Amino acid sequence: MGQDNGFIDVLTVVDVDKVIGKYGPNASLDNPGVAIADCVYMLVRRDSAVGAEAISELTVAAKTNDNLRWRLASLTLNTRYSALLYKMNVSGNAQCITQPQPLVSHIKVPVPEVSGGQSSGFNVQPYVDFFFQSTAMLPTATLPGGRVTYQLYLQVTDNQGNKVGTYSWDPYITITS
């Protein structure tokens, strides 16, 4: 179940257009109160998933000492709205993982060169990678609920950087050994 390299990358994709259309804007940052589970798709490598993927209640199987990294993207890739994972809270069996920490790394990513309607190669550009990271510490099988429950908090801005709203949902982690 967890990845062989000791890292489990959790990609969370949010249909922000659907969030705004269905739940509307809001002004709360600390307590969003708007659960958007029906607009969230979470993915991991197949060997880290327990059950179905591309759903909001994704259960991830981790081994003790695996590092979990959560990243977030808007389904429209920030063309109309941008989405930022700004906070995590562990609410059930918190002793099983370390407190998720926000981390930033500076990397370079490829960008295609487009000329005459065709891609003719690529350049690289600086990119700031942002994610939350935690370490699995204790198997969950013998604990109440048998999993770690946590909440992810999302802030949405428009393509001019204006705050539109904040939202949340709560997936799970199962730590197997």
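Tutor: Let us begin with a pocket. The strand β5 supplies the largest share of the lining of the largest pocket, namely 5 residues. Please keep in mind that the model is predicted.

Student: How many residues line the largest pocket, and which of them lie nearest its centre?

Tutor: The lining holds 18 residues, and those nearest the centre are Leu72, Ala73, Asn78, Ala83 and Tyr127. Two or more lining residues come from each of these elements: β5 (67-74), β6 (81-92), β8 (118-135) and β9 (148-158). The volume of the pocket is about 470 Å³.

Student: How do the residues of the lining divide into nonpolar, polar and charged?

Tutor: The lining of the largest pocket has 11 nonpolar residues, 5 polar residues and 2 charged residues.

Student: Let us turn to charged pairs. How many salt bridges does the structure hold?

Tutor: A salt bridge pairs a side-chain nitrogen of Lys or Arg with a carboxyl oxygen of Asp or Glu, within 4 Å. The structure holds 5 of them. One of these joins Arg69 and Asp9, whose closest N and O atoms are 2.7 Å apart. Since Arg69 belongs to strand β5 and Asp9 to strand β1 (residues 7-14), the pair ties together parts that are 60 residues apart in sequence.

Student: Which residue forms a salt bridge with Asp129?

Tutor: The partner of Asp129 is Arg71, with the closest N and O atoms 2.8 Å apart. Asp129 is in strand β8 and Arg71 in strand β5, so this pair ties together parts that are 58 residues apart in sequence. Asp129 is buried, at a relative accessible area of 10%, whereas Arg71 counts as partly exposed at 22%.

Student: Which residue forms a salt bridge with Asp38?

Tutor: Lys22 is the partner of Asp38, and their closest N and O atoms are 2.3 Å apart. Lys22 is part of helix α1, while Asp38 sits in the loop between α1 (16-23) and β2 (40-43), so the pair ties together parts that are 16 residues apart in sequence. With 29% relative accessibility, Asp38 counts as partly exposed.

Student: Where is Cys96 placed, and with which residues is Cys96 in contact?

Tutor: Cys96 lies in the loop between β6 and β7 (101-115). Leaving aside neighbours within four places in sequence, its contacts are Thr135, Ala136, Met137, Leu138, Pro139, Thr140, Leu143, Val148 and Ile175. As for Asp9, the residue discussed above, Cys96 is 87 residues from Asp9 in sequence and 18 Å away in space, C-alpha to C-alpha.

Methods: Residues are numbered from 1 along each chain as its sequence is written. This is a predicted model: local features need pLDDT of at least 70, side-chain atom pairs count only at pLDDT 80 or more; totals for chains, interfaces and linings use all residues. Side-chain values use heavy atoms; hydrogens and water are left out. On a 1 Å grid over the protein atoms alone, a cavity is a set of points where a 1.4 Å probe fits but cannot get out, and a pocket is an open set with protein on both sides within 12 Å along at least five of seven lines; lining residues have an atom within 4 Å of a point. Grid points are joined across faces, edges and corners, and a volume is the space filled by probe spheres set on the points. Helices (H or I, at least four residues) and strands (E, at least two) are DSSP runs, numbered from the N terminus. Ala, Val, Leu, Ile, Met, Phe, Trp, Tyr, Cys and Pro count as nonpolar, Asp, Glu, Lys and Arg as charged, and the others, Gly among them, as polar. Buried means under 20% relative accessible area, exposed over 50%, partly exposed in between (1.4 Å probe, protein chains only). Contact means heavy atoms within 4.5 Å.
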